[in-house]
Amino acid sequence: MANRLEGKVAVITGGASGIGAATARLFVAEGAKVIVADRQPPLDKELAALIADAPDDVKFVQTDVTQEDQVKAAVDAAVSAWGKVTSAVACAGVPGQGSDIDLSEAEWDRIFAVNAKGVFFLTKHTVPEMIKAGGGSVTNISSAYGIVGAPGYAAYCGSKGAVRTFTKSTAIEHAMQGVRANSIHPGVIETPMVQDIFDRSEDPEATRAAYTAQQPNGFNGAPEDIGWGCVYLASDEARFVSGVELPIDGGLVAR
Ligand SMILES: NC(=O)c1ccc[n+]([C@@H]2O[C@H](COP(=O)([O-])OP(=O)(O)OC[C@H]3O[C@@H](n4cnc5c(N)ncnc54)[C@H](O)[C@@H]3O)[C@@H](O)[C@H]2O)c1
């Protein structure tokens, strides 16, 4: 399959690493033009090579999603390069541990600034461009922990739950303008974010095993497992799909 995203122009936040980088590579392979918006330059070597080799198809714009003017600048870069924006994928996110009784206010605000406000800024600045373009698709990466709770992840769960219903509000608000909005809820996906959680624990192998044990299917996902979901939701194959919360999680939230 190829060219499922021919004619689409996407802004992907958090595109330097993990799920966002895999999504950016798949979007380019399927014919989309892509702005990779991230606070750090691409860590993903394949994506870095693609940006160097195919600058007419994919560009990096340094962006901190907590800063509205920077998110707007990333969206403007897509319009100035390719004349429109049809697709947004909000992947930028930070983990964060701490229970509801031991989190500091500063840590709560730090997590919400990226995971919730950053998603709002991307929607705010891409949807008007989608309306001008005659329609489009917003895909926000929430988490399985945006559907179910987990001990020790109070602000993470709260921020991902906010993304879940914020996305539905976008779906309803702009349904008559040809804009669809959906959230994806990954299970355990082996990315630098998750590897870092393993590495910072006392026993990384035991921590990895404990995470995998949450997966009813017995193995962790790869970034591309989420990237293909993003391709589908951004494509015209999904023209009747809006307001959906899509777990891609090996059955984690079906328990
Ligand atoms: N990996 C998993 O198991 C998993 C599970 C559920 C949900 N998620 C979500 O998927 C998304 C991607 O996570 P990942 O696992 O690929 O992690 P990752 O750390 O590999 O990638 C996250 C990217 O977001 C970027 N980012 C963080 N803060 C930013 C900011 N303020 N501005 C711009 N960019 C910023 C980082 O630089 C990084 O490139 C996140 O929203 C995460 O919460 C991941």
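The ligand is surrounded by 29 residues, of which Gly14, Gly18, Gly93, Thr191 and Met193 are the closest, a residue being near a molecule if its C-beta atom, placed from the backbone, lies within 6 Å of it. The model is a predicted one, in which local features need pLDDT of at least 70 and side-chain atom pairs count only at pLDDT 80 or more, while totals for chains, interfaces and linings use all residues. Residues are numbered from 1 along each chain as its sequence is written.

The shell around the ligand divides by class as follows.

| Class | Residues in the shell |
|---|---|
| Nonpolar (Ala, Val, Leu, Ile, Met, Phe, Trp, Tyr, Cys, Pro) | 14 residues |
| Polar (the others, Gly among them) | 12 residues |

The 7 strands of an open sheet follow the order β3-β2-β1-β4-β5-β6-β7 with parallel pairing, two strands being paired if DSSP finds at least two bridges between them. Because β3 (58-62) and β7 (245-248) stand at the edges with a single partner strand each, one side of each is left without a neighbour in the sheet. Within the sheet, β4 (87-90) and β5 (136-141) pair in the parallel sense over 4 bridges, and alanine 88 has valine 138 in β5 as its bridge partner.

Asparagine 3, in the segment before β1 (9-13), has a positive phi of about 65 degrees although it is not a glycine. Most residues other than glycine have a negative phi.

Conventions:
Helix = DSSP H or I, 4+ residues; strand = E, 2+ residues; numbered from the N terminus.
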